[in-house]
Amino acid sequence: MKNFDSLMVSRLGPVIAGLAVGILAPVLVLLGNPGNMGICVACFERDIAGALGFHRAAVVQYIRPEIIGLILGAFGSALAFKEFKPRAGSAPAVRFLLGIFASIGALIFLGCPWRAYLRLAGGDFNALYGIAGLFVGILIGIYFISSNYNLGRAYPAPAEAKLSGLMMPLFALGLLALLLIAPKLGAEGTGPIFFSEKGPGSMHAPWYVSLAVMLLVGWLAQRSRFCTIGALRDLVLARDGYLFWGIVALLVAAFGMNFVLGSFKSGFAGQPVAHTDSLWNFLGMVLSGLCFTLAGGCPGRQLVMAGEGDGDAAVFVFGMIAGAAVAHNFGLASSGAGIGAHAPAAFVIGMVFCLCVGFVMRRKA
């Protein structure tokens with residue numbers, strides 16, 4: 001165990017985490033998850049928002065155990081290696097709004113950065129536009145970082161507030177209880193927890209398999225610092241490919257697994273839970289990539305940090321859940337038929353907000 005952990009905290013750690021995601025995500029699809037959506041943080045947070053009744057899009061409502069497992073896996077790893085450190089205090093309102101717009105951008109594209117790579121590895125060439133947009137959004141964020149952009153530092157929680165670091169793990173346990181109990185309290189036996197009877201929300205692997213898979217991924221991601229946004233940021237800013245090789249490993253492993261399982265289907269049309277509007281696949285991920293860079297990590301990394309006790313990351317995660325609800329309640333989210341009616345307006349508002357944050361929140365040299 002000690003030797004394996006030494007490997008995880010070495011430069012091979014992100015590669016191992018990327019291989020795990022790339023191998024296990026197609027397996028989850030085989031076992032019931034939607035196509036090319038073995039793991040998608042943005043999509044699964046959207047499903048959780050729907051299951052809690054925050055939006056009423058009946059086809060995307062399910063408490064995804066993958067999100068629960070990622071948080072609790074990271075929490076367990078942080079506890080085991082004495083890296084659980086309750087902390088917070090760095091521009092929480094800004095982080096919440098960044099989470100909202102990150103989610104909106106991801107749901108215009110229909111996927112987070114993890115799913116963008118998994119879609120490409122499954123043969124969905126629409127993902128190429130999304131990944132290109134992700135790169136552009138990250139590059140804009142890197143410009144601000146190199147211009148002394150900073151949201152401020154997080155401060156360790158005082159002794160009397162150590163419980164604050166447990167809020168996200170406790171939230172995950174609460175979700176797990178609701179998934180298993182699925183209370184029906186409404187007059188007609190519906191709600192407050194809603195599960196889809198058709199559509200992507202009705203498609204899922206057995207909950208215990210999804211939970212076990214993501215407990216492992218959460219552990220590996222916490223130890224290796226695996227991050228699809230930080231990988232490109234560090235590659236450009238520091239010429240360090242330490243994290244980037246994790247993305248390469250994810251792509252190679254997912255492509256191989258899809259090929260072996262017979263689930264590789266190349267092309268643009270007819271891809272699962274995807275649309276072919278190349279412009280908005282690109283622009284949606286420009287917005288998301290910029291939000292993730294300004295917030296300091298991809299959505300998976302934010303969940304991992306929240307599991308480590310980072311209250312700022314937890315605020316961003318709650319922002320993404322709220323953003324998913326906003327996206328579906330206000331006609332911003334895409335579907336297989338194309339983008340939502342009001343998605344262009346939301347994109348403009350989100351970009352203006354992010355650019356204002358980037359320009360205003362800079363330290364003086």
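The structure is a predicted model, in which local features need pLDDT of at least 70 and side-chain atom pairs count only at pLDDT 80 or more, whereas totals for chains, interfaces and linings use all residues. Residues are numbered from 1 along each chain as its sequence is written, and side-chain values use heavy atoms, with hydrogens and water left out.

Most residues other than glycine have a negative phi. Leu-110, although not a glycine, has a positive phi of about 80°. Leu-110 has a relative accessible area of 3% and therefore counts as buried (under 20% relative accessible area; exposed is over 50% and partly exposed in between, with a 1.4 Å probe and protein chains only). A positive phi, of about 45°, also occurs at Ala-182, which is not a glycine either. Ala-182 is located in the loop between helix 8 (167–181) and helix 9.

Helix 6 is mostly covered, with eight of its nine residues buried. Among these buried residues are Trp-114, Arg-115, Tyr-117 and Arg-119. Gly-123, with a positive phi near 100°, follows helix 6.

Helix 2 comprises 18 residues (13–30) and reaches 26 Å from its first C-alpha to its last, close to the expected 26 Å; the expected span is 1.5 Å times one less than the number of residues. Its buried residues include Gly-13, Pro-14, Val-21, Leu-24, Pro-26 and Leu-28. The buried residues of helix 2 pack against helix 1 (2–8), helix 4 (65–80), helix 6 (113–121), helix 9 (207–224) and helix 11 (244–261), contact being defined by heavy atoms within 4.5 Å. Helix 2 is followed by Gly-32, which has a positive phi near 140°.

Asn-33 is found in the loop between helix 2 and helix 3 (41–51). With a relative accessible area of 2%, Asn-33 is buried. The side chain of Asn-33 reaches the backbone nitrogen of Ala-205 at 2.9 Å. When residues up to four places away in sequence are not counted, Asn-33 touches, among others, Leu-28, Phe-44, Arg-64, Glu-66, His-204 and Ser-210. Tyr-208, by contrast, is located in helix 9 and is exposed, at 53% relative accessibility. The C-alpha atoms of Tyr-208 and Gly-73 are 14 Å apart in space, and the two residues are 135 apart in sequence.

Side chains of opposite charge can pair when their charged atoms come close. The whole structure contains 10 salt bridges, each a side-chain nitrogen of Lys or Arg within 4 Å of a carboxyl oxygen of Asp or Glu. One of them joins Arg-223 to Asp-5, with the closest N and O atoms 2.7 Å apart. This pair links distant parts of the chain, since Arg-223 is in helix 9 and Asp-5 in helix 1, 218 residues apart. Arg-223 is buried, with a relative accessible area of 6%, and Asp-5 is buried at 12%. A salt bridge also connects the side chains of Asp-240 and Arg-11, at 2.8 Å from N to O. Here, too, distant parts of the chain are linked: Asp-240 belongs to the loop between helix 10 (228–237) and helix 11, and Arg-11 to the loop between helix 1 and helix 2, 229 residues apart. Asp-240 is partly exposed, with a relative accessible area of 26%, while Arg-11 is exposed at 52%. Asp-47 and Arg-46 form a salt bridge whose closest N and O atoms are 3.0 Å apart, and both residues are buried. Salt bridges with shared partners join Asp-5, Glu-83, Arg-223 and Arg-225 into one network.

The largest pocket has a volume of about 500 Å³. On a 1 Å grid over the protein atoms alone, a pocket is an open set of points where a 1.4 Å probe fits, with protein on both sides within 12 Å along at least five of seven lines, and lining residues have an atom within 4 Å of a point. The volume is the space filled by probe spheres set on the points, which are joined across faces, edges and corners. Of the 26 lining residues, Arg-95, Arg-233, Ala-295, Gly-296 and Gly-297 are the closest to the centre of the pocket. Two or more lining residues come from each of helix 10, helix 12 (278–295), helix 13 (299–307) and helix 14 (311–329).

Conventions: Helix = DSSP H or I, 4+ residues; strand = E, 2+ residues; numbered from the N terminus. Polar contact = N/O pair within 3.5 Å; in protein donor to acceptor, adjacent residues only side chain to side chain.
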